[in-house]
Every structure is written in C-alpha cells, then in structure tokens.
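This briefing is for a reader new to the structure.

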Amino acid sequence: MVLRKTLTDAEITEQRELIAGVFKMTLHAPEIARTAKPGNFLQVKAAKANTLLRRPLGIADAEGDNISLIYRKIGKGTAELAELQQGDIVSILGALGNSFDESFKNPLLVGGGMGLSPLLFYAQAHKNAAVLMGGRTSSEIFWEDIFKPFAKEIFIATEDGSKGEKGFNVALLPKLLKSGKYDGVIACGPDPMMKKAVDIAREYSVPVEVSLERRMGCGLGACLSCAIDTANGRKKVCKDGPVFKGEEVFF
Amino acid sequence: MDTSLNTNLLGMDMKSPVITASGTFGFGEEFADFVDLSSLGAVTVKGTTLKPRAGNSGVRIAETPAGMLNCIGLENPGADAFLNDILPRIKKYNMNVIVNISGSTVEEYGILAEMLDVDGVNAVELNVSCPNVKEGGIVFGTDPKMAAAVVTEAKRKTKKPIILKLSPNVTDIKVMAKAAEDAGADAVSLINTLIGMAIDVNTFKPVLGNVTGGLSGPAVKPVALRMVYEARGAVKIPIIGMGGISSAEDAIEFFLAGADAVAIGTANFVNPKITTEICEGLKNYLKEKNFNSIKDIIGLARGEMNGRR
C-alpha cells in the first residue's frame, strides 16, 4: 500500500546536540508518527527558512505522536535546522520513499556514521535486530546508548580502535554471518561501507538491503535529481528507494 | 462558484491560468496527493525526446542564493514510453496536458510533434533552450532562424497548438519571440533557465557533474519578468510567463507585465501545494481590487502600452 504523502507544519518538542555537530530534533507530527515505516524519510525545512530547498532526512524514531531526526550539520540547510529550538516550527513533507524489509527473523543492521539514523527506527520497530556500528573514533559511537534499549546485540568497531574492534565495522561482518544467526542484513552508511556489506552478505547468501543517500530536489520523483542506474533500470532514490536490494545497486 | 480565474488558452478551457513548468512536476501524478490536477490550467510534462535519455551523470542539483542549479540533462523514458505507458495512466486526472519536446535536429521536432498529435495531448511545447544537452537544444533557442525552422516543421506535422519555449540566454528576447510568431507559433513561453555554475571551494571542482547548469527559482524572477514585459511588446500571440514564480504576488506581476498565463516551476519542489495556493491568492487579489476576471489585469503595468504591441 502506498501511503498518502502529507505536507505539514510541525512543532519542535526538543532539539539537542548529541555530540559536536550532530543534532536530534524531535517533532510533534502525529499522522506521520503513526504511519511512517523504517526506511522512510522526510523533506524538511524551517518554516521561516533562508534556504530554498528542503533537506532529506531519514526518520530515526517514531514514538506516540512524535518523530525524531538525527542529522549532522554539514551545509547551509542543516545549519539552519540546527539553529532551531523547542517551540519553533518546521515544514515537513512525508513520509517519503519505500521502507526496509521487516520480515527477517534475525536481522543484522550494519551502520556507519549518520547511516545509523534510519537503522535506529528499524531496531525500535523490529525489536529483534542486532547492530554492527562503526565510526572513526569512540565519540562517534554515541549511538551505542541510543540503540541499547532496542537492539538485541551491539557490535562496535572504530577506525582508531578507541572503542570496540580496531578497523572498519564491515571487517567484523564475515565472522558474524558465518555464525548463521542472521537471516538478513540492512546496511546504511558511506557507499564504500555499503558496497562491502553487500559483497560479504552475498558471499554468505544472506539477503541484503541498503539505503542510499543522494542530493534531492522535490523528494516526490519529479525533478530527477536523484536518479540512478540499477540492475533493474533507472530508479529514483526518493521514490523507488531510498531502500534497494543490495544486488540491484552499482556502487 | 468563483470563476474569476477561468480562461481559455490555445483551445484549452482552463479553470485557472496557472500551469506547471516542464521538468518540475513530473507527469502530474507525482503531485496528485497535494493538488487537484484538474484545477490547474495545464500540466506541462517532463521534456520528452524521441529515444529514452539517461541524462547527465554526477551531481545534478545545487542550491544557490534564492535559487538552484540543475543539470538533469533531459532524462526521460522517450516518446514511445510516454505515449504507451504514461499518457494512458494520467488520463484519469482530467487535466490539460502540454508535452514539452526536445529534438537534436529540426526533423526530430517534426517527428515528435506528429507522434504526439493524439487524444489526451492538448498542446506541444518546443524546448529549444535546454542548456544541459550538448546537441541541439540551446542552438535552436539562440538563433532566430533555427527557432523559426523548428516551429515551421512542428506546425507542418501536427494540428496541436505549438508553444515555443524561449531561452533567456540571448541578447534580445524580442527577436526570438517575433521569430516564433512569424513562423506560426501559437504561443511563446518564457523563460527557460539561465546558464550558471557553482564551484566547491574544498574540492576545487565544479559542484555539478555537467560543470554548468540551469539557474531557476526566485533569483531569476526579475529577469524573467523583464523578458515577458519585452516579449509582450513584440508579439500578439499568447505568452506563458515563468521564472521563479513562488507566490500569488509574483504571478500577478507577470500578468500585469502582459502574460496570458503563468507557469510554476522550482516552487513546486519547495511546496508541492504551491499551484493551488497561488490560485487562491489570485482569486483573493481580484476580489480585493474589484476585478471580475484575471483577463482584466493582463498588461495593466504597460500603461499606454496596454494590450498587445
């Protein structure tokens, strides 16, 4: 079923800087909170914005009437969002895009950096997911505390070895999949991480999905800013994705 | 019922003179959750070419002050797919459909115009001003003789009204508008995007995959408005004004400058309901200023020049 998309103003109930440059914005958005599925995203802008276009942000959790977005301040649009405070209004368009496969019994979520944001929503909804997270250094593993209430198991790797195993998170993936405990992999993060996760999952014949990030204009499949080639032809990341089967994507 | 926005353009009965600009509204269906498509004047669908096109690779969009650059490069499924798959699917929306076409030769415009001479297509807009494709495109849009040749060829091959979409990347828009009129175009639409670029100061590279792209959005509105004003002074055929229109007030300026209808582009990306909101704003304005019809305000800013030429 394709859900009706809505355009609404939502009040910020909380905005918090989790670590330097990374923010969690919680919004009162009952309709979207009730209908959104893990993998969906929103097109967001401040109600009184100086920037023109909306910014696509994955939904990080939905609880009651509220949804949260976890995002890094990387440009003018996200900087403008980061300035907003409790009580301010943002305009949201959503929920957009397709969603992850939730039919796996024992999914393994593989995430790096801000890619962990939509995976959090998955862990929260599924309740039986394990997560393999990666970051450059221990401070980027603030996600561990956020995932703890929802994830069955948490595996960690950091590039500098300051937390968990030293190296990339995907280096732990062969061992985890070899155990045979996991019947699906859901990956979101930098392209090289997702490529590696897809290669390894396929090697172990475990179904794998990835969530892609692209610059977007409309978020509705009209402007074609985010069109990509896939094994199944041209696709729009905003409308046909952002979730794709691993084997579909040309990394 | 408020009929103040009703108009007729190129044989199309329109509930409002608000059209959507090609490339910014998909095939209409993408916005069906937000807009009653039959309440629009027309939906101009994504630029269509004879063969499918994948468009440009790399980054295709970049925000700029009060605007955006794009270099999509006319990605589209091709005329056959449009006619066989898409057109039958969008018929249910009961909207006027304008098909924007691009050719790499004069003959190709004729072939496309002929293919599109079918039920369900209300008019054909000739895109001679896409800045993002190497062959054809902009060449036809900057040389009045070539533009005229394209119009003549399309007119010869179809009974549908022909709209020539003008490029702003010319020295004198009046010359291009006049060339279109003299060649038999039923209307002109303007403006297409202005060629621009952006450079990433950290990577030292152009932001867009195609290096340059088309600038649109509020930043181009004053340029578009000036060109519509000038074109109105040069031709009698209907003008569809567009370029950065983001509010009813913006749209009103174009009518006052002499546009018979307006098209909304980039603003659809920001607010998918913007076309409906602009229609409401236009109705309120007419009521406030005691006009019965949108037609009553066309060209009012022209003073003694009111009317055509």
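In this predicted model, 26 residues of chain A are in contact with 28 residues of chain B. The two chains bury about 2,300 Å² between them. A search of the whole structure finds 26 salt bridges over all chains, and two are found across the interface of chain A and chain B.

**Buried area**

- The size of an interface is often given as the accessible area lost when the parts come together.
- Of the area buried between chain A and chain B, 60% is on carbon and sulfur atoms.
- A:Leu52, A:Arg215 and A:Leu224 supply 27% of the area that chain A buries against chain B, more than any other three residues.

**Polar links across the interface**

- Nine residue pairs are in polar contact across the interface of chain A and chain B, with both residues of each pair at pLDDT 80 or more.
- The side of chain A that touches chain B draws at least two residues from β1 (6-19) of chain A and at least two from β15 (233-236) of chain A.
- By class, that side of chain A has 12 nonpolar, five polar and nine charged residues.

**A sheet in chain B**

- Four strands of chain B form an open sheet, and their order is β5-β6-β14-β11.
- The pairing in this sheet is antiparallel.
- At the edges are β5 (61-64) and β11 (194-197) of chain B, each of which pairs on one side only.
- From one strand to the next, the twist averages 40 degrees.
- Strand β6 (residues 67-70) of chain B is joined by three bridges to strand β14 (residues 212-216) of chain B.
- Within that pair of strands, B:Asn70 stands opposite B:Gly214 in β14(B).

**A salt bridge between the chains**

- Which residue of chain B forms a salt bridge with A:Arg55? The partner is B:Glu63, and the closest N and O atoms of the pair are 2.9 Å apart.
- The search that finds this kind of pair gives 26 salt bridges over all chains.
- A:Arg55 lies in strand β4 (residues 55-58) of chain A, while B:Glu63 lies in strand β5 of chain B, so the pair joins two chains.

Key: Residues are numbered from 1 along each chain as its sequence is written. Chains are lettered from A and ligands numbered from 1 in the order in which they are written. This is a predicted model: local features need pLDDT of at least 70, side-chain atom pairs count only at pLDDT 80 or more; totals for chains, interfaces and linings use all residues. Side-chain values use heavy atoms; hydrogens and water are left out. Contact means heavy atoms within 4.5 Å. Buried area is the accessible area (1.4 Å probe) that two parts lose on being put together, summed over both. A salt bridge is a side-chain nitrogen of Lys or Arg within 4 Å of a carboxyl oxygen of Asp or Glu. A polar contact is a pair of N or O atoms within 3.5 Å; within protein, one must be able to donate a hydrogen and the other to accept it, and residues adjacent in sequence count only if both atoms are side-chain atoms. Ala, Val, Leu, Ile, Met, Phe, Trp, Tyr, Cys and Pro count as nonpolar, Asp, Glu, Lys and Arg as charged, and the others, Gly among them, as polar. Two strands pair if DSSP finds at least two bridges between them. Axes are lines fitted to C-alpha atoms, for helices over the stretch in contact, and angles run from 0 to 180 degrees between N-to-C directions.
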